[in-house]
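Me: I would like to learn how to read aromatic pairs and helix packing in a model. Can we work through one case?

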Amino acid sequence: MMGGIEAILFRQGRALFGWMPVLWAAGVLLYFQLRYEPGWQSACPIAVLGGTVLCAGWRRIGSRVAGFVLLLPALGFLDASWQAHRQTPMPALPSLSVVLSGTIRDVRDLGRESPDLFRQRLVVADAVFETGVDAGMSPLQRRLLLSLRSERPLSPGDRIRARALLHPPSPPFYPGGRDPQRRAWFDGTAGTGRILNEPVLIAQTTRRNPDLWRAAIARHIGETLPGQDGAIAATLLAGHDEGISRETRASFAASGLAHILAVAGLHLGLVMGAVFVALRQCLVFWPRIGLRLPCREIAALVALAVGAGYVLLTGAHLPALRSLGMAGLATCALLASRRVLSMRSLAIVALLLLIVSPVLVLDLSFQMSFAAVMALIAGYDVLRPVLRRDAERFRGRTSRRILHHVGLLALTSALAGGATLPLVMAGFGTVQPWFILANLVAVPLAGICVMPFGLLSLLAMSFGLASVPLTIMGLGIRAIRFLADHVAQSPFATVSVPLMPGWGIALYMAGLAGLCLWRGKARGLFLLPVSGAVLSFLFVAPPLVLVSPDAGLIAFRDGGVLHAGPHGALETPVLEAWQRAFALPVRPAAAHRGCTGEGCKLVLDGYPLILHFADGRSGADRSPCPPSASRAIVISRSPLPEPCPSRLSVDRFTVWRNGAVALYLHDGDPHERDPHGNGPVMVSDRSWRGTRLWVPPPGYRGKPNLPLARTE
C-alpha cells in the first residue's frame with residue numbers, strides 16, 4: 001500500500017511543490033472558521049510532529065509529504081493567529097460629532113458637485129480628539145476614512161482640524177455575510193465618517209511623496225478627460241477609483257469587464273509588454289548594439305523596473321503585487337534561460353504573500369487573481385502541443401495568423417473567466433454569459449489604445465504634453481464603455497444566483513487546485529468537487545425571516561419573494577445586500593396580504609408569524625405580545641415586554657446582544673433554538689462568528705483613549 005502511494009507521489013514530481021501554498025492556506029482558513037479564539041498551544045504539537053516526521057523520513061517521499069501535510073497547515077494556523085493578535089485594539093470613537101486633528105495620508109477625488117465644491121475621501125492618520133474625555137490622548141494608531149465636501153482640494157501630507165461624525169466598523173448585515181469588522185481589524189481602520197465643516201489647514205506638506213503624485217496625476221487627468229472617461233483613466237494610471245460611478249461599475253460588471261477597472265495583472269502585463277517591445281525594437285534598430293548587447297535581457301529588466309514603478313504609482317494593490325512578483329520571477333527565468341511562466345513561480349509568490357499576510361486567503365481579489373493565473377498556466381500547459389501544431393500550420397498567411405491570435409485571445413478569456421466565474425458568483429451573486437465575447441474586443445483595445453498611450457501621457461506630464469496621448473487614451477476608454485453598456489443591455493447579460501456558502505468556496509478552490517496541479521488521468525476526478533461547489537447554493541435554503549443588526553429593517557420570505565418592512569435610507573444597503581445574497585426579488589411588506597404599515601400577522605409554512613414595524617423609541621407604544629401569541633414567532637422592531645409568551649421572539653434587545661438574526665426552517669446549524677426545541681431555528685451573527693478578536697462584545701465601543709499618566 002505504501003509503495004503504491006509513493007509511486008503515485010513520484011509520478012507527480014516537482015508538481016508537488018505547488019501544493020505548499022494550498023496546505024498553508026488550509027491552516028489559515030481553519031483558524032478563521034473557528035468560533036472561539038484558539039491559543040498557540042493548539043497547533044504547536046502538530047507543527048512539532050510534522051517537523052519530526054519531515055526530518056526523520058526525509059529520504060522517503062511518503063514520509064516527506066506526510067511531514068509537509070502536518071507542518072504547513074499548522075504553521076499557517078499559527079501565522080494567522082500571530083497576525084490577528086499583533087493588531088492594534090479598536091479605539092473608542094465619540095458617539096457625537098467631535099473636533100479632531102490629523103494628518104492626511106491619502107486623498108481620493110470623487111469629482112465636483114459644482115465648480116467651487118470638491119468631493120474627496122480622506123485617509124486620516126494620527127488623529128486626536130478634542131474632547132474633555134480624550135484630553136491628552138495619544139494619536140490613534142489606526143486610520144480614519146472620512147468623506148469631505150470642501151471649497152479647496154486637500155493634499156496628502158497636510159494636517160487638518162475639522163468637526164466630524166464618526167462611526168465604528170459595522171457588523172455583518174446577516175449571519176454569514178461580509179464582515180466589515182474583521183476587515184477593519186486587519187487593515188488598520190478605526191472607523192468611517194464625514195467631515196461636517198470646512199477643514200482648517202494646520203500645516204501644509206512640502207515633501208513630495210507617491211500619494212501626492214497620485215493625487216496630482218488624478219487631478220491633471222480629470223482636467224483633460226472629464227466625466228467617467230477621466231475617472232477610469234485616473235484608476236488605471238493613479239489607482240484612484242472613487243470617481244467611477246455606480247452605473248459605470250454596474251455596466252462593466254454585467255458585461256464581464258469589471259477587471260478592466262481594477263489595476264491587476266492585465267494592466268501590468270500591458271505596460272511591461274509595451275515597454276519591452278518598444279525598447280527591444282529600438283535597441284536592435286542599430287546593428288552595433290543589437291549584435292553586441294543582450295537586447296532581450298536589457299528590455300526585460302527595464303520593463304520590470306517600469307512595471308514596479310507603475311505598481312507603486314497605482315497604490316501597490318494586492319493583484320498588482322502578485323503580478324509584479326510573477327513578473328520578477330519570469331524576468332529571472334528569462335535571464336537564466338529557463339521557462340518563463342510556471343506553476344512553481346506562482347506557488348512561490350502565493351506562499352510569500354500568505355506568510356506576510358495570512359488574512360489574504362479570505363480576500364476575493366486574491367482568490368480570483370490566483371485562480372485565473374493558475375488556470376491559464378495549467379490550460380496552456382495541457383494545450384501546448386495543439387497550439388504549437390496550429391501555429392506551424394497557420395504560419396505564412398496573414399488571415400490565418402490573425403485567426404490564430406483571435407483564438408488564443410478567446411482561449412485566454414475562457415480559461416481565466418471560467419476559473420473565476422464561480423468566485424464571481426460567490427462574491428457578487430451574478431453570472432455574465434457574454435464575458436468571452438466582450439473581452440475579445442475590450443482586451444485588444446486596452447492593449448493597443450488605452451495602456452500604451454496612458455504610459456506615454458505619464459511620461460509627457462512633466463513636459464506639459466500629456467493632452468494628446470490622454471485624448472487618444474480617452475477614445476479607447478470611450479469605446480470600451482460603449483461596448484460595456486451595449487453588452488450589459490443585451491438579453492441575459494446578468495443572471496442573478498444566490499451567493500455560494502463559505503464551504504462551497506473552500507471546496508471550489510481545493511478542486512481547482514487539484515485540476516491545475518495534479519498530473520495524470522486522475523486529474524479529472526477533481527471535477528467532482530468543482531461541480532459540487534458550483535452547485536453548493538442549491539443545498540442552502542434561504543431564511544424565512546431576516547432582521548438587520550439594529551432591527552431597523554425586518555423582511556420575510558413568501559412565495560420566492562422577499563417582503564421588506566418600512567425602513568429609511570440607512571437600511572437601503574442592508575436590503576441590497578440581502579437581495580444580492582439570496583437572489584430574491586424585493587417587494588414592500590405593506591403590499592402583502594395580512595400586513596399593514598404597522599406590522600403583519602401571517603402563517604408561513606404552517607408557523608404563525610407576528611411582525612411589528614413600529615419603532616417605539618418614545619416609550620408610549622410598546623410592541624404587542626398578546627397571550628394568544630404563545631405558539632407564534634414574534635419579531636419586533638422595538639423592545640418586547642418581559643416575559644413574552646411566544647414560541648420564539650426577536651426584538652431590538654436581541655439584535656443589540658447578538659447582531660443580525662436569520663430564521664431558518666431547516667435544521668442546518670442551529671446555534672439557538674426556540675424553547676420548544678423544534679420548528680424554526682434562529683441563527684444570530686454572534687453565534688455564527690463566535691468570540692473572536694474582531695467581534696466586539698455587547699455594548700463594547702472600543703478601548704478608551706486614555707492619556708498617559710503624568711510622571712511625578
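Me: By about how many helical turns are Phe366 and Phe370 separated in helix H14?

Reply: This is a predicted model. Phe366 and Phe370 are 4 residues apart in helix H14 (residues 364–393), so about one helical turn separates them.

Me: How many aromatic pairs does a search of the whole structure find?

Reply: The search finds 8 aromatic pairs. In one of them, the ring centres of Phe32 and Trp694 are 5.8 Å apart and the planes are at 40 degrees, so this pair is tilted.

Me: Which parts does the pair of Phe32 and Trp694 tie together?

Reply: Phe32 belongs to helix H2 (residues 20–33) and Trp694 to the segment after helix H22 (685–689), so the pair joins parts 662 residues apart in sequence.

Me: Is Phe32 buried or exposed?

Reply: Burial is judged by relative accessible area, with under 20% counting as buried. Phe32 has 6% and is therefore buried. Trp694, at 6% relative accessibility, also counts as buried.

Me: How are the rings of Phe366 and Phe370 arranged?

Reply: Planes under 30 degrees apart count as stacked and those over 60 as edge-to-face, with the rest tilted. The planes of Phe366 and Phe370 are at 50 degrees and the ring centres 4.6 Å apart, so the pair is tilted. Both Phe366 and Phe370 are buried.

Me: Which residues do ring pairs link into a cluster?

Reply: The cluster consists of Tyr31, Phe32, Phe77, Phe186 and Trp694. Phe186 is also one of the buried residues of helix H5 (residues 180–187), along with Pro180, Gln181, Ala184 and Trp185.

Me: What do the buried residues of H5 pack against?

Reply: They pack against H2, helix H4 (61–85), strand E5 (189–195) and H22. After H5 comes Gly188, with a positive phi near 80 degrees.

Me: Which charged residue lies over the face of Trp185?

Reply: Arg142 does, at 5.3 Å from the ring centre.

Me: What is the mean pLDDT of the protein?

Reply: The mean is 81, and 89% of the residues reach 70 or more. Residues 618–622 have pLDDT below 50, and this stretch has 5 contacts beyond near neighbours in sequence. Residues 667–677 are also below 50, with 23 such contacts in the model. Where pLDDT is low, predicted coordinates should not be read in detail.

Definitions and conventions:
Residues numbered from 1 in each chain as written. Predicted model: local features only at pLDDT ≥ 70, side-chain atom pairs only at ≥ 80, totals over all residues. Heavy atoms only, no water. Phe/Tyr/Trp six-rings, centres within 6.5 Å; stacked < 30°, edge-to-face > 60°. Helix = DSSP H or I, 4+ residues; strand = E, 2+ residues; numbered from the N terminus. Buried < 20%, exposed > 50% of the residue type's maximum accessible area, 1.4 Å probe, protein only. Lys NZ or Arg CZ within 6 Å of the ring centre and 35° of its normal. pLDDT = per-residue confidence, 0-100. Contact = heavy atoms within 4.5 Å.
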